[in-house]
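Subject: Structure handover

Hello,

Here is the structure for you to look at. My notes follow below it.

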Amino acid sequence: MTSVPAAGGTKPPAAPKSRKSVTGTRRTVAALFLLPALVLLGALVVYPIGYSVVRSFYDQSGDGFAGIDNYQALFTDEGIRTALKNNIIWVVFAPTVATALGLIFAVLTERVRWGTAFKLVVFMPMAISMLAAGIIFRLVYDQDPDKGFANAVWVGVHDTFSQASAFPKAHPGRESPLKPAGGGAFVTTSPVRTGEAVSLPLVGVAPDLMPDGAKTAVAPKPEPDKVTGTTWQDFTRGKGVGTLNSVDSSELGYAGMKIEAVKDGRVVASATAADDGTFTLPASADGAQLRLPASNFKEPYNGLDWLGPSLVTPAIIGSYIWMWAGFAMVLIAAGLASVPRELLEAARVDGASEWQVFRRVTVPLLAPVLAVVTVTLMINVLKIFDLVFIIAPGSSQDDANVLALELYRKGFSEDQPGIASAISVFLLLLVIPVMWFNVRRLRREVRR
Amino acid sequence: MNAKQSLGSRLVEAVGGGVLRVFLIVVGLFWLVPTIGLLLSSLRAPEDISASGWWKVFSEPSQITFDSYAKLLENDDITSSLLNTVWITVPATLLVVIIGSLAGYAFAWMEFPGRDWWFLGVVGLLVVPVQVALIPIAELFGTIGIFGSVLGVVLFHVGFGLPFAVFLLRNFFAEIPRELLEAARLDGAGELRLFFRVVMPLGGPAIAALGIFQFLWVWNDMLVALIFSDSGSQPITVALQTQVRQFGNNIDVLAPGAFISMVVPLAVFFAFQRQFVSGVMAGAVK
């Protein structure tokens with residue numbers, strides 16, 4: 001068969017317009033040029049496909065025919081089912097979000113002068129390995145908000161909207177004048193009087209969790225017509241050192257502790273302790289009980305458990321989008337550059353808003369590019385391995401499992417080559433439509 | 001009225017432009033911060049890393065130290081695996097370029113039976129996932145005795161790099177003006193001379209794009225090397241991967257190691273952006 005068997009017509013052997021015959025027709029030469037590629041492709045790509053298909057019908061040892069048992073395992077094995085479910089999440093969300101971001105970035109960067117610099121920054125992660133990206137995001141997703149950037153930002157945002165507490169785990173010590181008041185608050189056992197100096201000692205705040213501004217506690221001084229007092233950490237390191245329920249020179253005040261005076265269940269006055277733990281309440285507090293509200297003692301917000309069982313897959317998808325949104329952006333930007341400007345201008349002249357131009361002109365014109373980008377990313381995501389393998393910690397790797405990872409485990413650590421082969425054939429089946437599409441598109445071009 | 005309208009729209013544009021700039025800057029920062037975090041982490045002592053986040057160096061620049069890098073370069077596992085990465089990547093790239101060019105040229109300009117069907121067959125292999133070949137090739141390499149060697153890793157990469165190479169180069173070579181080839185032919189050039197003196201030089205841009213693409217692909221690979229290399233032939237990605245299980249205890253190895261492994265691809269990326277982009281665009285089907 002010659003190169004152009006199109007339309008069933010017989011071609012003249014040496015049509016002047018055809019591409020062939022420039023180098024003569026010595027087939028041995030052609031064979032020599034092709035041989036290395038075809039041998040390697042045959043041995044390393046084609047043969048393994050056949051082998052995997054056959055192997056997937058044999059049992060663990062490879063000796064006994066297993067029918068479709070291995071394929072049944074795809075849907076019954078707990079690990080594979082999780083992997084399958086996660087792969088579906090990956091294939092649905094990762095390519096679409098990456099493409100959407102790529103589209104937004106491509107359209108927006110057209111309007112700023114430093115768009116190229118922006119594109120470079122977003123495209124750069126494509127050049128690095130998934131291993132490096134994995135290590136980068138292990139750091140980003142560190143649970144401790146003091147170390148992991150994601151939680152540092154998240155906790156920062158969270159604490160802007162809700163008050164951070166200062167004294168988790170603080171509680172009354174022995175023979176304390178305070179008693180629990182329910183809900184985590186503490187209240188004085190007896191009412192206070194004006195002119196009285198109240199002691200509100202607590203214990204149990206770890207030294208490194210004390211507020212930065214805390215100063216040495218100062219014993220309360222009574223003042224007429226006012227209720228004064230001190231709240232402080234009544235604890236000195238070492239047994240028997242320090243006096244119970246009175247201020248020692250080594251003890252720190254609870255800077256910022258909130259104190260409420262409560263009479264008949266109503267808050268009649270409130271104050272905040274100074275750096276040395278002292279506070280002053282007006283005369284209206286006379287006869288009230290002093291309460292330290294629960295908000296003082298809440299555990300500090302520690303952010304999200306990004307790599308815990310429930311968030312690990314979305315978190316890893318986030319790192320994938322970080323890597324691949326640039327790819328989508330660059331391809332879409334190239335498509336955008338070929339959109340005729342006059343078309344956009346015409347729409348604008350007709351009074352279309354920017355959004356309408358985007359929605360009704362730009363996106364439809366880019367549809368083929370968007371489809372290619374999404375499909376490419378889908379194929380890529382189907383085989384995702386490195387990022388999950390590196391980012392998911394041992395404790396949640398089962399929850400983050402994907403097919404390629406499960407294949408690796410089954411094939412190379414659990415000695416289940418039959419099931420692993422079935423997974424690989426399953427992956428291959430999923431890309432066959434794209435294979436077919438590529439070949440068809442090219443056949444048209446080749447025949448041109 | 002017209003002037004007023006344009007004033008209004010100009011105002012909207014100015015405000016919108018400001019919002020747009022801020023948005024893009026914030027997004028750009030978000031894209032940069034993770035990498036900066038890795039770089040700064042690699043420049044801090046392990047005690048500092050376990051005590052606080054990398055942003056601490058902005059308030060305490062004295063924390064910056066190259067100790068982790070110095071220690072890393074004395075670590076034989078890391079240095080030998082870096083060399084292995086080079087020994088794997090360079091041959092795998094050169095072989096794909098050479099073998100792919102030969103086949104691409106044959107598919108573009110030679111005549112033999114079933115030419116286009118063979119080519120379509122190669123195109124069909126573009127999207128075959130490497131996972132399909134892991135188990136069969138592991139057995140094959142075990143049988144012929146190259147499992148665990150650099151050669152095995154290189155061969156695997158060549159096999160899976162070829163469909164794209166042949167696809168890209170055949171399409172590019174087919175665009176070479178036929179007169180050029182005929183002229184060289186009339187001057188008495190043989191097949192090899194024609195290939196090396198005319199086709200390869202004219203195919204420069206495509207060969208560069210392919211070479212850079214393949215180079216980055218192989219340099220950055222972890223999965224293939226994870227299976228086909230052993231402790232003596234493993235590249236840097238695999239060497240670092242073995243450390244990840246104790247993440248947290250050995251961040252002073254992982255952070256500088258990851259950064260060193262990124263330096264070459266990033267340098268290649270910045271030096272050959274255009275070729276890289278055209279490789280990526282052509283490879284959008286891979």
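How far apart do the C-alpha centres of domain 1 of chain A and domain 2 of chain A lie? They lie 56 Å apart. Domain 1 of chain A covers 68–146 + 306–447, and domain 2 covers 178–296. Domain bounds here come from an automatic or database domain assignment.

Some ground rules first. This is a predicted model, in which local features need pLDDT of at least 70, side-chain atom pairs count only at pLDDT 80 or more, and totals for chains, interfaces and linings use all residues. Residues are numbered from 1 along each chain as its sequence is written, while chains are lettered from A and ligands numbered from 1 in the order in which they are written.

Domains of chain B

Chain B is also assigned two domains: domain 1 (2–65) and domain 2 (70–282). Their centres, taken over C-alpha atoms, are separated by 36 Å. Six residues from domain 1 of chain B and six residues from domain 2 of chain B make the contact (two residues are in contact if their C-beta atoms, placed from the backbone, lie within 7 Å). On the domain 1 side, helix H1 (2–42) and helix H2 (46–51) of chain B each supply at least two residues. H1(B) gives the largest share of that side, four residues. Helices (H or I, at least four residues) and strands (E, at least two) are DSSP runs, numbered from the N terminus.

Cores

The largest nonpolar core has 174 residues. A nonpolar core is a set of buried Ala, Val, Leu, Ile, Met, Phe, Trp, Tyr and Cys residues joined through C-beta atoms within 7 Å. A residue is buried if 20 or more other C-beta atoms lie within 10 Å of its own, exposed if 12 or fewer, and partly exposed in between; C-beta atoms are placed from the backbone. Ala328(A), Ile332(A) and Val388(A) have the most contacts inside this core. Helix H7 (residues 312–337) of chain A gives the most to this core, 17 residues. A second, separate core has 29 residues, among them Val192(A), Val205(A), Trp232(A) and Phe297(A).

Leaving aside residues up to four places away in sequence, Ala328(A) touches Ala98(A), Thr99(A), Leu101(A), Gly102(A), Val373(A) and Leu377(A). Helix H5 (residues 130–140) of chain A is mostly covered, with 11 of its 11 residues buried. Arg138(A) is one of the buried residues of H5(A).

Helix packing

Helix H1 (residues 27–55) of chain A packs on helix H5 (residues 76–109) of chain B at an angle of about 125°, with the axes 8 Å apart. Axes are lines fitted to C-alpha atoms, for helices over the stretch in contact, and angles run from 0 to 180 degrees between N-to-C directions. H1(A) and H5(B) are therefore oblique to each other (angles under 35 degrees count as roughly parallel, over 145 as roughly antiparallel, 65 to 115 as roughly perpendicular and the rest as oblique). The crossing of H1(A) and H5(B) is left-handed. H1(A) contributes residues including Phe33(A) and Leu40(A); H5(B) contributes residues including Gly100(B) and Tyr105(B).

H5(B) also crosses helix H11 (residues 204–220) of chain B, at roughly 145°, and the axes come within 9 Å. The crossing of H5(B) and H11(B) is right-handed. A crossing is left-handed if the near helix is turned anticlockwise from the far one by less than a right angle, and right-handed if clockwise. Gly100(B) of H5(B) is among the contact residues here.

Single residues

Met281(B) is in helix H15 (residues 273–282) of chain B. Met281(B) counts as partly exposed, with 15 C-beta neighbours inside 10 Å.

Pro191(A) sits in the loop between strand E2 (186–188) and strand E3 (197–202) of chain A. Pro191(A) touches Gly287(A), Ala288(A) and Gln289(A), not counting residues up to four places away in sequence.

Two aspartates deserve a look. Asp264(A) has a positive phi of about 50° and lies in the loop between strand E5 (258–263) and strand E6 (266–272) of chain A. Asp264(A) is exposed, with 8 C-beta neighbours inside 10 Å. Phi of Asp415(A) is positive too, near 55°. Asp415(A) lies in the loop between helix H12 (403–412) and helix H13 (417–447) of chain A.

Best wishes
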